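Could you walk me through this structure, one selection at a time? I have it open in my viewer and would like to know what to click on next.

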Amino acid sequence: MLGFARTLRHAGVGASPDRVEAMLAAVGALDVLDPSDVYWAGRLTLCAGPDDLDRYDAAFAAYFAGEAPRPARPAGQPEQRVAAAAPLDAGSGEGDEGEQPPETAGRASADEVLRHRDVAEMTVAEREHLRRLFALLVPASPMRPSRRRRPSPHGAVHASRTVRRALHDGGEVTRLLHRRSRPRPRRVVLLVDVSGSMSPYADALLRFAHAAVRAHPAATEVFTVGTRLTRVTREMRLRDPDEALAASGAAIPDWSGGTRLGEVLKAFLDRWGQRGTARGAVVVVCSDGWERGGTELLAEQMARLRRLAHAVVWVNPHKGRTGYQPLTGGMQAALPAVDSFVAGHSMAAFEELAGVIERA
Amino acid sequence: MLGDVSETTLRPVTSPDGGPRNPDELAAALEDSGYLPDEGLATAAYLAFAMHRPLFLEGEAGVGKTALARALAQVTGRPLYRLQCYEGLEASQALYDWDFGRQLLHLRAAEAAHATGSAGSPDDVATLEASLYDRRFLLARPLLQALEDSPSVLLVDEVDRADDEFEAFLLEVLSDFTISIPELGTIRAQTPPLVVLTSNRTREVHDALKRRCLYHWLAHPDFDREVAILRRRLPEVTEQLAREVARATAKLRTLDLLKSPGVAEAMDWATALHTLGARELDPDVAARTLGAVLKYREDTDRVHALARGALFGG
């Protein structure tokens with residue numbers, strides 16, 4: 001059983017010791033010799049979410065078929081849907097040659113590049129520079145009214161507090177106490193494009209995301225977008241920005257790969273957004289809008305996002321360049337659904353972005 | 001309560017609190033009550049009994065998470081207490097609250113009696129104060145009710161809608177099944193309640209809470225099970241209609257819609273078709289009743305464009 005738990009951890013299911021203990025208890029309550037009972041005892045106690053189920057199934061099949069635990073398989077299976085390397089779409093920005101960094105033309109392939117980003121490769125000077133700048137940045141959170149109430153000198157009468165006070169005063173209501181709703185931070189969702197064409201900015205954007213998570217850990221969600229969707233909120237909650245970046249670098253399988261904005265946005269809305277993560281939230285999409293293939297899906301999904309979210313902010317680092325025109329197909333498709341379109345290429349731009357989010 | 005099981009059963013037999021003795025027995029009992037669980041769900045529910053662990057159910061809306069708690073209460077003959085979570089849920093709505101109005105009345109009544117009676121001693125004051133915090137002035141909310149009325153089934157519905165603070169508080173109650181009320185003392189459940197938590201994943205629930213639970217992802221039922229469920233819950237619907245509704249619903253689930261129809265929608269649809277007097281699913285009546293199963297305009301448009309014939313034929 002312990003060997004199986006080890007296999008699971010290799011496969012990316014966080015089978016912690018107390019969960020393993022629970023599994024042993026569950027197997028004890030069932031039939032150790034029945035494979036199906038062992039399967040369910042493990043699945044019910046060791047898994048923590050739907051993402052774990054496939055990995056669990058694979059690990060279970062492998063382990064009980066006699067395979068030894070394999071070291072560090074990338075979490076999750078590579079997706080089957082690898083698009084053919086088609087030429088860039090005619091509508092995706094050929095009109096503006098200056099906007100496309102030359103080295104990305106070759107790299108903007110939709111083939112999935114399952115590469116792990118090594119943050120340690122950044123130079124010390126660069127890292128020091130960024131850390132200094134981002135330590136100064138504390139994005140304020142947008143607020144919304146909530147159903148929770150707090151005592152207040154004004155507002156509606158707080159009946160139970162008033163009567164409780166009266167009990168202390170021998171049953172005499174001497175003064176009315178009030179309450180009003182307590183504003184709470186509105187959820188902020190950051191979708192950071194980590195594809196090849198965005199690689200010069202992805203580090204800085206993730207540092208911005210870390211600053212936002214650090215300011216309001218419970219009300220901020222961070223996802224990375226490339227050829228697939230990765231939730232890095234948990235990694236971003238690490239206090240130290242470098243550790244947080246290293247952890248998310250390890251968690252992102254598609255660093256500097258291609259982009260499938262429309263598909264990934266759809267995956268986000270299906271799995272998270274529509275259920276509640278995007279509802280009433282300020283959603284910030286950080287991308288240059290380089291979309292491979294058609295842009296209808298992106299336009300459709302952006303419209304859907306617009307209907308769910310409180311506000312949609314699009315951050316495009318290229319917007320900071322003089323003479324920039326949003327001519328890429330992806331940008332054209334997305335802009336009708338965007339409330340604010342801002343740049344994200346310099347520290348000043350990040351400060352502006354923080355302001356836009358706060359006022360959204 | 002569950003009927004006798006012969007001694008020849010091969011399963012290991014444990015009988016916690018006179019509950020079911022193995023997953024199959026529980027599954028059979030649930031089936032008798034009209035809830036048809038698959039193997040995983042029956043095992044999960046059985047382990048929740050045997051290990052006294054809360055059962056954390058996740059899955060699409062309408063796959064029967066809430067219905068399971070009802071069926072478990074029915075099968076075990078225990079009372080069901082339901083706590084519907086929402087944002088801003090506070091301890092006073094989940095645990096207990098003092099009935100301040102009645103306390104005040106009591107105080108006034110005591111005053112009136114005092115005015116006509118003799119002069120009070122310090123003892124009287126202490127007695128009066130103690131009587132103010134009597135159990136009868138305590139309003140029990142679902143969590144306290146479930147502990148007091150032991151053994152019971154406690155359903156904490158849509159726990160993902162409550163906020164973080166409430167989750168931490170729930171963790172405290174679920175870890176040792178006691179509630180301490182400063183004025184009254186500690187209330188402990190004689191038998192831990194069978195706890196079912198449900199979530200629609202609108203928010204990631206904290207690991208600390210999940211770790212204390214058995215986790216089960218409830219998927220849509222397969223075709224045969226869905227037909228069985230429809231037949232079981234809607235006996236008035238013909239076999240043919242049930243099969244066709246189940247087949248069409250299964251096809252709709254493969255279409256990647258904004259909201260895939262669950263079992264609840266399939267049942268609504270079958271009821272709607274039956275109400276219209278349909279004995280089978282023809283494209284025309286299907287198109288007219290699509291509102292029972294699809295809840296987004298985009299989905300309806302897509303299915304209308306796609307469907308006619310292809311989806312609902314045969």
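Predicted model: local features only at pLDDT ≥ 70, side-chain atom pairs only at ≥ 80, totals over all residues.

Strand β3 of chain A covers residues 178-185, and β2(A) pairs with β3(A) in the antiparallel sense over 2 bridges.

Next, show chain A as a whole. Its secondary structure comes to 14 helices and 9 strands. Chain A has 360 residues, and 41% of them count as buried. Look also at how the chain meets itself: among contacts in chain A with a separation of 6 or more, 77% are between residues 24 or more positions apart.

Time to bring in the partner chain. Select helix α2 of chain A (residues 17-29) together with helix α2 of chain B (residues 39-51). Two packed helices are described by the angle between their axes and the distance between the axes. Here the angle is about 100 degrees and the axes are 10 Å apart, which means that α2(A) is roughly perpendicular to α2(B).

Which residues meet where these helices touch? On the α2(A) side, pick A25(A), A26(A) and A29(A); on the α2(B) side, pick L47(B), A50(B) and M51(B). By class, this contact has 6 nonpolar residues, with no polar and no charged ones.

Zoom out to the whole contact between the chains. Chain B gives 33 residues and chain A gives 27 residues. To find the side of chain B that touches chain A, select α2, α5 (100-116), α9 (207-211) and β9 (214-218) of chain B, the elements that give two or more residues to that side. Colour that side by class, and you will have 12 nonpolar, 9 polar and 12 charged residues.

For the last stop, colour chain B by domain. The domain assignment gives domain 1 (16-89 + 146-218), domain 2 (96-138) and domain 3 (223-306). How far apart are the C-alpha centres of domain 1 and domain 2 of chain B? Those centres lie 38 Å apart.

Key: Residues numbered from 1 in each chain as written. Chains lettered and ligands numbered in written order. Axes fitted to C-alpha atoms, helices over the stretch in contact; angles between N-to-C directions. Helix = DSSP H or I, 4+ residues; strand = E, 2+ residues; numbered from the N terminus. Parallel < 35°, antiparallel > 145°, perpendicular 65-115°, else oblique. Contact = placed C-beta atoms within 7 Å. Nonpolar A, V, L, I, M, F, W, Y, C, P; charged D, E, K, R; others polar. Pairing = 2+ DSSP bridges. Domains from an automatic or database assignment. Buried ≥ 20, exposed ≤ 12 C-beta atoms within 10 Å, placed from the backbone.
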